[in-house]
Amino acid sequence: MATDLAFEATRQPSPLLLWATRHRVALASLFLLLFPLVMPFKALAVMILIYGLYALGFNLLFGYLGLLSFGHSALFGAGAYLCGIAIVHFGWPWYLAIGLGLLAGMVVALVIGALAIRTRGIYFAMVTMALSQCVYYLFYQAVDLTGGENGLRGVNLKTVNLFGFDVDFLNPLSRYYIICGFVIAALWVLSRILASPFGAVIEAVRENEARARASGYDVMLVRLLTFVLSGAFCGLAGALLALHLSTVPIETMHYETSGLAVMMCLLGGMGTFFGPFIGAAIFLLLENLVSVWTSHWQLFVGLAFMVCVLFFPRGIWGTLMERMKA
Amino acid sequence: MTMQPAPQDQSIIMRTEGVGKTFGRFVALKDISAEFRHGAITSIIGPNGAGKSTYFNLLSGAFAPTTGKVLFEGRDVTGMAQHKFAHLGIAKSFQITNVFPLLTTHENIRVSLQALVSRFDIFRPRTRLSELDDEAEALLERVGLAGHRHRLAGSLAHGEQRALEVGMALASHPRLLLLDEPTAGMSPEETRTMMDLIVRLAEERTVILVEHKMKLVMGISDRLLVLHHGELLAEGTPDDIRRNETVKRVYLGQREH
């Protein structure tokens, strides 16, 4: 009987899941708005927001289009650096700096994407990683602008003027909610993209490239556009990181940061709307809690990752969603 | 679309002029010139390794010929990108079943329909294109899958997946439908259903199909092309082909190899 069920596989989800999908932005926003109330460490909560957004941008390419990029640190880092540079060297207002960071993510994605998009699978991962390393060294060498090895210091933002009110950006809670505003906007945009006609094309290309091409879709252009959209989310996340840390460490662009996105996505659930945030939360909480009593925290994160891959192959959020479907 | 002033035989929908294809040193196809009549069912037959699939891939734009030209409605389409063929009015189904396995049958058809109206619209909700839903429903019914709209394509039986693929090919309202061994791997009953479907579809459009089993297409084809060792061996009506001595030798007496 169980096999019959698998064979008759339909895609008619339960009413509860349908309702949750329809209101996914509202539900996710509600969760993020309430999150700091249960989370004692506000700075960590902000990091979860930012890395969740970064993983979300990565997930658009990895989970929805099915392309594994190992070069997303370049998009994230470019967003962080350009936002920081705009503030430190040119004295731009914070909102314009964030916009520049977002744009930087898109431009770097366009360049890396245009060069890498023709490759597939492991080759795509390698090419994106190599290109992101090129971007890394470019920023590493431009010491005057980026601070090189020491990172970019002095991205100071004390107050933020919101609709005529000065909001204290140094207060952890108000900082959380300002950044949360951007993240919620990003969630809304992502939801619109996924529900758009183009969202259907992304799924079709993931499912079967040859068929999508025969149906009349320019697969290369679909991939490039998705890569650039992914870059927008990652660039925004990077810009917010620069404001949160008041500095941009060069490690932001290191390929380890690319691996982080893969890990968070797999932990939370690739191709799920909210999975990246769950993945980011689990990863960063583990890192912070375990590193209190041992410096070998990576051992435990690694163990947790293995357990997750073995027992929740669809990620924690993904498995939960799967259960709700049945 | 530019109309060419040169005298153009309206009864010919597709034509190849001396097309050939080599893969490295292997000559898969050489110098094939043939015409396909508007509104007819033309079958490309031949034993295994005759170059049928290579020829099909040249006609459907999967790859460009090494030599020669491919013309569709008088227009040179040699080497044109594959995705543009659907927009010209040429659709194809693959030899190996090719659907979007994790989408429902309805979504499979719907996304194929959408290719003509909306490809890069990233911000409007796709539910606004509700006319596509009804069209997809009609197409599902057309290919005999009306009761399966919520099934995942990957969970359909083989014959149903093939039918779905034909439905997806029809989504682009093609004037020319190319089918690569549409009954491959089918049960006799599924084969019969598919053949009936092809005959019905051919009432409104030109069909070119590649088939390995000669008997199957004799009854329904208006014209046949016989390929052998990458060359055009014979061409004509089913009766011509049946009487052709060379064809008989190739199909019946393959001992000489």
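First, the ground rules. The model is predicted, so local features need pLDDT of at least 70, side-chain atom pairs count only at pLDDT 80 or more, and totals for chains, interfaces and linings use all residues. Residues are numbered from 1 along each chain as its sequence is written, and chains are lettered from A, ligands numbered from 1, in the order in which they are written.

Let's start with chain B. There is an open sheet of four strands, ordered E2-E1-E4-E5 (chain B), and its pairing is antiparallel. Strands are DSSP runs of E with at least two residues, helices are runs of H or I with at least four, and both are numbered from the N terminus. Two strands pair if DSSP finds at least two bridges between them.

Which strands stand at the edges? Strand E2 (26-37) and strand E5 (75-76) of chain B do; each has a single partner strand, so one side of each is left without a neighbour in the sheet.

Now the pairings. E1(B) and E4(B) are antiparallel, over five bridges. There, Glu17(B) has Lys69(B) in E4(B) as its bridge partner. Strand E4 (residues 67-72) of chain B is joined to E5(B) by two bridges, again antiparallel. Leu71(B) stands opposite Asp76(B) in E5(B). Helix H1 (residues 52-60) of chain B packs on this sheet. H1(B) touches strand E1 (12-23), E2 and E4 of chain B, and its direction makes about 125 degrees with that of E1(B). Contact means C-beta atoms, placed from the backbone, within 7 Å. Axes are lines fitted to C-alpha atoms, for helices over the stretch in contact, and angles run from 0 to 180 degrees between N-to-C directions.

One detail in the turn. The hairpin of E4(B) and E5(B) has two residues between the strands, and Glu73(B) takes a positive phi near 50 degrees there. Most residues other than glycine have a negative phi.

Next sheet. Six strands form an open sheet in the order E6-E7-E8-E3-E9-E10 (chain B), with mixed pairing. Strand E6 (90-93) and E10 of chain B are at the edges, each with a single partner strand, so one side of each lacks a neighbour in the sheet. The twist averages 15 degrees from one strand to the next. Five bridges join E9(B) to E10(B), which run antiparallel. His228(B) stands opposite Glu231(B) in E10(B). H1(B) packs on this sheet too, touching strand E3 (41-45), E6, strand E7 (176-180), strand E8 (206-211) and E9 of chain B.

Stay with the E9-E10 loop. His229(B) lies between strand E9 (223-228) and strand E10 (231-236) of chain B. Phi of His229(B) is near 50 degrees, positive in a residue other than glycine. His229(B) is partly exposed, with 16 other C-beta atoms within 10 Å. The scale: buried is 20 or more other C-beta atoms within 10 Å, exposed is 12 or fewer, and partly exposed is in between, with C-beta atoms placed from the backbone.

On to chain A and the core. The largest nonpolar core has 167 residues. Such a core is a set of buried Ala, Val, Leu, Ile, Met, Phe, Trp, Tyr and Cys residues joined through C-beta atoms within 7 Å. Helix H4 (residues 42-64) of chain A gives the most to this core, with 16 residues. Leu53(A) is among the residues with the most contacts inside the core. Leaving out residues up to four places away in sequence, Leu53(A) touches Val183(A), Ala186(A), Phe233(A), Leu236(A) and Ala237(A).

Now a helix pair. Helix H6 (residues 94-116) and helix H12 (residues 219-245) of chain A pack at about 140 degrees, with their axes 7 Å apart. Ser246(A) has a positive phi of about 60 degrees, although it is not a glycine.

Last, the two chains together. How many residues are in contact? 34 residues of chain B meet 28 residues of chain A. On chain B's side, helix H2 (82-88) and helix H3 (105-117) of chain B are the elements that give two or more residues. H3(B) gives the most, with five residues.

How values were computed: Two residues are in contact if their C-beta atoms, placed from the backbone, lie within 7 Å.
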